[in-house]
2 protein chains.
Amino acid sequence: MNIQVAKDRKINRNEDFIQKAETLKPSLKREVTKPIRIVRAVEDHDIIHGWKCIETEPAASLVDKEFGKGESFIVDFGKHQVGYLSMQIRPVGSPPDAPLHMRLTFGEMPVEVSVPFSTYDGWISSSWLQEETLHVDVLPGNISLPRRYSFRYLKVEVLDTSVKYKVAFGEITCETVTSADSSHGTELSHSDSELRQIDKISIKTLEDCMQDVFEDGPKRDRRLWLGDLRLQALANYETFKNNDLVKRCLYLFAGVPNDQGQVSANLFIAPTLVPDDTYLFDYSLFFTTTLYDYFEATNDLETLVDLWPLAYRQVELALERLDERGIVIDSDTWWSFIDWHEELNKQAPSQAILIYALKKTIKLAEVLNDTKKSFLERKLTGVINASIQHLWDEEQGFFISGENKQVSWASQVWMVLAQVLDHEENQKLMNRVFEKNPLIGMNTPYMYHHLVEALLLIENKEKAIEIMRTYWGGMIKDGADTFWELYNPIDKAYSPYGSYLINSYCHAWSCTPTYLIRKYEL
Amino acid sequence: MNIQVAKDRKINRNEDFIQKAETLKPSLKREVTKPIRIVRAVEDHDIIHGWKCIETEPAASLVDKEFGKGESFIVDFGKHQVGYLSMQIRPVGSPPDAPLHMRLTFGEMPVEVSVPFSTYDGWISSSWLQEETLHVDVLPGNISLPRRYSFRYLKVEVLDTSVKYKVAFGEITCETVTSADSSHGTELSHSDSELRQIDKISIKTLEDCMQDVFEDGPKRDRRLWLGDLRLQALANYETFKNNDLVKRCLYLFAGVPNDQGQVSANLFIAPTLVPDDTYLFDYSLFFTTTLYDYFEATNDLETLVDLWPLAYRQVELALERLDERGIVIDSDTWWSFIDWHEELNKQAPSQAILIYALKKTIKLAEVLNDTKKSFLERKLTGVINASIQHLWDEEQGFFISGENKQVSWASQVWMVLAQVLDHEENQKLMNRVFEKNPLIGMNTPYMYHHLVEALLLIENKEKAIEIMRTYWGGMIKDGADTFWELYNPIDKAYSPYGSYLINSYCHAWSCTPTYLIRKYEL
């Protein structure tokens with residue numbers, strides 16, 4: 001695994017923008033929830049990850065149970081939670097003559113409360129695994145954990161009490177938090193119950209990722225990524241309409257570009273606003289397209305005027321990466337995300353994203369009557385022509401990418417979204433993709449979103465819905481309460497990190513079906 | 001291991017007494033301390049527990065060091081601490097893109113930061129082992145742990161950061177707490193530096209055990225035991241003179257006797273005052289002798305009048321345990337502490353403690369002009385005669401205990417302290433004990449205290465001092481910063497709990513040399 005580390009980079013802080021973002025900081029809505037059942041984790045090789053949770057008793061039975069050293073239980077909150085856990089604990093037997101030592105394990109999925117986290121050996125930090133061991137000195141007592149967790153299942157293990165007492169658990173609660181204002185939300189009126197369910201789970205996914213900022217996932221990485229923001233914002237315009245949160249996030253990104261003017265791929269908010277030292281070709285361009293989408297949704301000209309110079313700068317920087325032919329330079333050391341896929345070449349899809357962004361930038365220049373418009377239009381023409389000349393393989397009927405002329409789903413999907421070919425050619429291209437099924441496929445709901453949107457663009461609603469049913473509907477059949485970061489229907493154990501234990505099972509970039517269904521009136 | 005569990009017992013709460021205790025609640029003195037060196041744990045079979053800590057660098061060097069996944073360090077605070085830990089942590093490298101997961105291990109002794117606690121397999125709760133694992137979500141940041149720890153050494157293990165950053169540690173501090181008012185303390189003026197050092201460490205031990213109440217040990221069990229209180233009070237009268245804390249503890253015990261009027265062996269203070277369901281023959285009698293000592297030190301007649309009925313009741317209850325011969329009934333199920341020793345028979349030393357307590361009770365009755373005095377005197381004569389008739393083995397020249405006529409150090413020591421024989425006979429008895437060295441020896445400083453006091457009573461100062469030098473002086477040579485709960489010079493791995501990892505190394509009943517040295521002007 002490669003990581004991007006920028007040493008000695010300089011950040012140009014724009015305190016006005018940071019201040020504007022600060023004033024838009026949302027207040028969080030809080031709600032208290034409780035587990036609804038006690039469950040048992042059962043191994044089942046026919047189930048995703050090999051584990052399921054089966055109800056043994058209603059949660060109300062818990063209060064009468066006693067747990068001593070080495071004993072444990074799992075409760076199921078019934079749906080996905082993002083919030084703060086509290087529990088009442090009382091001693092049973094003699095007065096507690098030693099602290100209670102306990103371990104709490106939080107799971108979005110059954111496997112997380114079934115397989116010990118000590119088995120995890122992936123490259124991404126094990127510190128994301130949601131587990132706490134703690135001592136309780138004073139009993140009876142209420143404990144409230146200071147960290148926020150993302151979970152449906154909670155496993156409680158009593159590591160030790162003493163020979164003189166056991167413990168029993170009274171009320172266990174989660175104070176959930178979200179900045180989504182569900183008063184704007186409306187249930188989808190649709191005859192198809194599966195689409196209604198997909199829509200509902202999309203919205204729940206978005207809701208749980210809407211916190212102080214749009215987070216990518218409340219379990220991991222719990223922060224503002226541009227690629228996720230772009231899709232969350234689209235889903236938000238169709239549902240919660242918390243447009244100020246999009247605005248806040250745009251200003252946050254605009255507050256801390258580097259000294260080249262490039263916007264970071266993601267931001268850390270606490271203890272102070274800091275941009276990550278990961279810069280991605282595609283994500284920086286999405287700053288511009290997200291601003292475009294925001295203006296489309298809000299007509300907020302003031303924000304557009306504020307952020308336009310930086311939005312334009314992202315396009316300029318991307319154009320600087322073109323070679324003399326007008327093609328994005330590929331190399332072993334550049335960074336463009338596109339999808340989680342070890343073998344995916346990023347050149348052609350990045351080229352397509354540049355075109356996609358250029359088109360939206362031109363529209364913004366138009367709104368602003370900016371003289372850069374004609375420069376952008378010339379560049380667009382050049383880049384499109386170069387793409388057809390150098391990346392379009394007439395014989396195969398596919399766009400190719402990189403030195404090895406790789407044919408991937410991602411390249412075709414993004415070239416369709418960029419509308420490099422005409423409508424009819426795009427239709428043929430998409431049909432050809434499905435027919436030939438290039439080896440380099442897709443691993444994330446993020447990439448599947450673009451596939452579905454490409455199908456909608458070529459007016460193949462039927463196929464778009466079919467994909468949504470098999471992919472997001474497939475997640476539901478596999479037990480999703482919220483949509484996941486990663487899902488590969490033919491390799492359900494897929495993780496780019498080394499273990500599905502650390503995958504995020506409520507992930508922003510997976511929330512777009514509600515946008516797709518509502519925007520395109522599926 | 002046996003434990004005492006009293007089911008369905010009733011507590012007679014005396015709210016007036018509890019209220020009096022509450023008004024005497026001390027304020028804690030706080031001081032901020034810092035580690036003085038970075039150390040390395042080194043195995044050494046010539047050292048107690050097989051581990052020592054060797055300085056590698058001064059603590060000031062720590063700030064420049066970076067620690068990644070799997071790396072760790074140990075700091076030495078230079079002396080024993082009881083308090084609350086804080087530390088500054090900053091990320092080094094890229095912005096921290098995952099929480100810091102770390103483990104903190106606190107050790108009073110080097111072995112605690114050298115041998116993994118997971119190896120502990122004793123019967124007393126592992127929850128006493130001072131270890132925390134925690135996640136730090138926001139970096140840089142200061143963390144302050146909510147629990148109080150008792151330690152000199154702190155091991156910090158970085159379990160995980162991420163591939164993009166490491167951590168460095170700024171100021172590490174401990175806010176120490178004690179209710180001891182050291183303004184009353186005076187350094188011992190004595191020509192013998194070893195006794196000066198023993199005195200100093202005694203006082204430090206007492207100081208670290210003086211908290212909201214007199215605790216037995218700040219690491220374990222962190223609570224008010226009558227046997228410890230009695231000795232702490234004696235040491236306190238010679239040093240800190242925090243007599244109100246003794247008074248508070250007496251009222252706490254008096255606030256929650258059971259429905260027979262028996263005082264519990266120990267109390268839990270939080271969240272509410274609860275007596276343990278352990279009742280010990282000897283400890284209940286020590287309520288009475290501790291009140292006697294308190295009155296001797298303070299002349300506080302009001303408290304004596306308040307607590308006298310309960311003090312008298314402890315003696316009554318003890319007398320009820322006498323058989324028709326006037327000997328304390330032995331059985332497999334009764335509870336008297338005397339010493340940590342699996343084979344020690346408790347009958348004869350308990351008989352002696354009853355005599356010891358009767359004598360002090362008679363003196364209190366005298367002060368109060370209580371008519372019970374003559375009854376107590378009759379009883380005393382009877383019990384002494386019975387002891388000589390049934391427990392004194394003329395042939396061996398030892399007191400015997402239990403069905404198997406066990407000869408133990410404890411029986412002889414307590415019979416001397418109870419002054420059952422005359423002065424000359426007591427002298428001979430003590431000489432005989434050292435000469436014959438009965439198989440059933442002593443394991444605790446608690447029992448050694450009584451040995452030394454018995455020697456002082458028979459005016460064998462020389463031997464008393466020799467014992468103090470070899471026993472408490474031995475602990476110092478073995479690395480004691482504060483005196484220990486357990487110390488057997490010929491079995492330094494001794495623990496009644498299954499592992500010396502869980503022994504307490506700052507333990508109240510070990511603090512008495514300062515009392516012995518000062519009271520008896522050694």
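How many helices and strands does the secondary structure of chain A come to? I counted 13 helices and 14 strands in chain A. Helices (H or I, at least four residues) and strands (E, at least two) are DSSP runs, numbered from the N terminus.

Some housekeeping first. This is a predicted model, where local features need pLDDT of at least 70, side-chain atom pairs count only at pLDDT 80 or more, and totals for chains, interfaces and linings use all residues. Residues are numbered from 1 along each chain as its sequence is written, chains are lettered from A and ligands numbered from 1 in the order in which they are written, and side-chain values use heavy atoms, without hydrogens and water.

**Inside chain A.** I found that 64% of the 522 residues count as buried, meaning under 20% relative accessible area (1.4 Å probe, protein chains only). I also looked at contacts (heavy atoms within 4.5 Å). Among those in chain A with a separation of 6 or more, 76% come from residues 24 or more positions apart.

**The two copies.** I superposed chain B on chain A with a rotation of 180° and 0.0 Å of shift along its axis (RMSD 0.0 Å), by least squares on the C-alpha atoms of residues with pLDDT of at least 70 in both. The copies are thus related as by a two-fold rotation axis. In chain B, the C-alpha of B:Thr133 is nearest the axis, 3.2 Å from it.

Conventions: Buried means under 20% relative accessible area, exposed over 50%, partly exposed in between (1.4 Å probe, protein chains only).
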